[in-house]
Structure formats: structure tokens, C-alpha cells
Amino acid sequence: VGSVQLPELLLAMDSETGFSHQLLGRAPRSADELISSYAGVLAAAANVEASSMALMVPGLPAPAISRVLRMLEGEPTLRRASDAVVEWMRALPLVKGWGSGFEASADMVSLDTSRHMYLARQDPRRRRFAVGSYLHILKEWGIVYDQPLPLMTRQVGAAIDGRMRQVITNLLRVSVDTHGYSDIGMARSKLAGFDLCPRVNNMADRKLHVLRGMKIPKSIADHVVQDVSLKSIREHWSTLLRLVATFEGGWTSATQLLGFYGSAARGEGVYLAGTSLGKLLRTIYLCDYFTLSDFRHEIYRVLERGESVHALQRAIHIGTIPVRRGRDLAEFGVVSGALALMTNIVMAYNAGQLQKSVDAEVADGVDLAGCIEALQHVGPVAYGHINFRRTYSFPIDRYATRILRAAA
């Protein structure tokens, strides 16, 4: 896709998507305002102090970058800007070969931080203090939702919340790892209109749970447990629907509801009903998982694409997040949102360059469908051709007219 400097990449994508308009809530009024908005997002995404970023952008004072960082706190501007980039990327014909928009993966990337930060938890694998950014990543590679999440937190609530709050597409299937799954979570996701598809590698319970008294063939009797009763599901069906309607309507989050009615509510009827329904749904899922190899491989493929996106994020984000950058969810939300935005910008740029190559091949008489099929397994997550660290010089003159037109 060709080598590129990060400032030119930002300007090129802004001229196509108008994401700076979403960041500012209006069209940029001057070149300095435009550059300061870029610098603020870069400072948050790359974990660079405002004073250090000012040295990397000659002529830009540090207070201007600090104002941008404060402006982004508590506002959905980063989410809107990121959505604009993803929508532009999904409109490319090439992207249709990567997916159809109803599948995504949900997983967390851990970002190193100070042990004194309120949200910090020790990563059990790396033995370092970190905080998580939980991402919903489309099969077409775009990040459609991000949210800060402490490590060692059960992720099933965040997986449901991200699917319900994203506005890009109607997700019907969300692939998760074992941390993003529970029986009652699977039941609530199904009632909300989508399926949680966990990777089974580390799942302790792989038994098929069926109704009591059900006739079981001898060939699978060792793998079946008859412990599900429909009585509790019927008795508490209205309560299950009311709980789903509560987080669908935005009155609370699925994370909070699962905290109230999850494992802490053992012995209550609604917990038994949700767990029983979840066991039945998990049984159906495991039958598909173990017997349909294409279905199983699709789940692995979507999750692996999420891991590739995490590798790109670690190339953008450097160092340890200081205490003053992540004292609460609003402050760390800026880091998470800016990193998701920058990741989407890089992926959209790569996809756009690939699309230009495809268009050139088609102009020479090559079949479009053949080009898209050939690139089905080539993702837009490469970053070796991008210079992320340097003194940034923004060639505003070449893009000013297009950016103002895109913003309008």
C-alpha cells in the first residue's frame, strides 16, 4: 500500500471521512484548530504527554493540546468520529469480501499503567499492572465499540453492552473467549436478539444439559446431564424479559444487571431460570460447534482478527499510562476512544489503498469478483509502512479544501 507519514495519513482520511468535524462538532475554523485536534487524539492514543506532543508538532503550544484532551472527556465525540471512519471503510466494495456485517468479536486489550491508578489490576500472565479496553471488532475489521474495563472482571456484561450500544450494524453473532461467557449471559443475549459464541478451548463444562426425563441415546449418554427444568423458566419468563428490556432501553447496563442477578444471586428463582435457559442454549451451540467445522472455524477466524487489531493498537500505544491520565472512567475513556479511533483510521487507510489497487486491476480488465476473492484473507492491519514516531509536519495546504468539504 506504499509508505506514508502519519500526519499525511490523518489528513488523507479526514478529507474522506470528515472525522475532525465529528471531533469538534462543526467544521474546523483554522489550520491551528485542526492540527491541535489531531495532536490531542494522538497524545491520548499514543500515551504521550501534551508537553511532549507539543515538541513533536512545531509551533503548537501544549495548552492547546490539553484543551482538546479536556474537551474529549465525557463527550461522545470520539465515538462519533470513529463511527464515521468505520462507515466509510464499510462502503468500499473490497470490504464486502471480508464479511457481511452481522458478525463481530469481543475481547479486551490490556494497556500498562501505574499500580497506583484506581482502575489498575495485575495482569496474571504478564505480571504487570494494566487496565483493559474492551473492543467489539467487526469481521470486516472495524472497531464499532470500545469501553474501559478493569482486568479480572467478568466480560460477559461488557460483551452484551457493546453489542447493544454500537450503532453501525445489526450484529447477530458475537464471538467471545471464555471470560466473555456465562450461562445466564447467553440466555440474556439470546433474548436481546443475538448469539454469544464462546471459544470452547478453556471452557470447563462441555456437557450437554437437557430436560429432566428426556430420552438419551446410549452413544452420547456419557456427555449428557439431565438437570434442566422448564418449570423455573416458565415461572420467571416475564422477569427475564423485563430485565432484558431494562438494558435495551438504556435504564441500566447489562454489566450491572449481571452483577445483581449473576452468580451473586444463586438461590433466587430468576437466576435459576436464566441459568437453565442458558444451559439449553449452550447445548444447542455445542452441538453446532463440535459437528460443523465451518461454523467453528468462522468463530476462530473472527477472534483471530481481533487479536490482529490488538497488535496494531500496541504499535500505536506506547509506555505506561500515568495516574493523572486515568484517575476515573472518563479520563481513561479518552485513552480507549482515541486509540480505537486511530486504529480505525489506520485500517481504513490501508483498506482504501487496497481498493485503489483493485480499481486499477479492474480498469485493466481483471474481474472484480476475482480480486475481492483473492484478498479475502488479506487484512488492513499492517503498520510497518507507517512512520508513527517523528516530528509531525502536516501538509494542510494539500487537503484544506477537501477537509472542509468533507466536514460540510
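The largest cavity is lined by Leu 10, Phe 19, Tyr 38, Val 41, Leu 42, Leu 341, Met 342 and Ile 345. Before going on: this is a predicted model, where local features need pLDDT of at least 70, side-chain atom pairs count only at pLDDT 80 or more, and totals for chains, interfaces and linings use all residues. Residues are numbered from 1 along each chain as its sequence is written, and side-chain values use heavy atoms, with hydrogens and water left out.

What is a cavity here? On a 1 Å grid over the protein atoms alone, it is a set of points where a 1.4 Å probe fits but cannot get out, and lining residues have an atom within 4 Å of a point. Grid points are joined across faces, edges and corners, and the volume is the space filled by probe spheres set on the points. Rolling a probe the size of a water molecule over the atoms shows where empty space is left.

How many cavities of 30 Å³ or more are there? The count is 1, and the largest cavity has a volume of about 30 Å³. Its lining divides into 8 nonpolar residues, no polar and no charged. Helix H3 (31–46) and helix H14 (329–363) each supply at least two of the lining residues. Helices (H or I, at least four residues) and strands (E, at least two) are DSSP runs, numbered from the N terminus.

Leu 10, one of the lining residues, is also among the buried residues of H1. Buried means under 20% relative accessible area, exposed over 50%, and partly exposed in between, with a 1.4 Å probe and protein chains only. H1 is mostly covered, with 10 of its 12 residues buried. After H1 comes Gly 18, with a positive phi near 70°.

Asn 47 has a phi of about 65° and sits in the loop between H3 and helix H4 (50–56). Asn 47 counts as buried because its relative accessibility is 13%. Trp 141, with a phi of about 90°, is in the loop between strand E4 (129–138) and E5. At 7% relative accessible area, Trp 141 is buried too.

Asp 146 is found in strand E5 (residues 143–149). Is Asp 146 buried or exposed? Its relative accessible area is 12%, so Asp 146 is buried. Which side chain does the side chain of Asp 146 make a polar contact with? That is Arg 79, at 2.5 Å. A polar contact is a pair of N or O atoms within 3.5 Å; within protein, one must be able to donate a hydrogen and the other to accept it, and residues adjacent in sequence count only if both atoms are side-chain atoms. The backbone nitrogen of Gly 337 also lies 3.3 Å from a polar atom of the Asp 146 side chain.

Asp 112 is in strand E2 (residues 103–112) and is buried, at 13%. A polar contact of 3.4 Å joins its side chain to that of Arg 128. Beyond four places in sequence, the residues in contact with Asp 112 (heavy atoms within 4.5 Å) include Phe 129, Gly 319 and Ile 321.

Asp 161 lies in helix H7 (residues 156–165), where 8 of 10 residues are buried. Asp 161 is one of them, with a relative accessible area of 5%. The backbone nitrogen of Ala 254 is 2.7 Å from a polar atom of the Asp 161 side chain. Leaving out residues up to four places away, Asp 161 touches Gln 147, Ser 253, Ala 254 and Thr 255.

Last, Gly 101, in the loop between helix H6 (77–90) and E2. Gly 101 counts as buried, at 1% relative accessibility. Its contacts outside four places in sequence are Arg 90, Leu 138, Glu 140, Thr 169, Asn 170 and Leu 171.

Technical notes:
On a 1 Å grid over the protein atoms alone, a cavity is a set of points where a 1.4 Å probe fits but cannot get out, and a pocket is an open set with protein on both sides within 12 Å along at least five of seven lines; lining residues have an atom within 4 Å of a point. Ala, Val, Leu, Ile, Met, Phe, Trp, Tyr, Cys and Pro count as nonpolar, Asp, Glu, Lys and Arg as charged, and the others, Gly among them, as polar.
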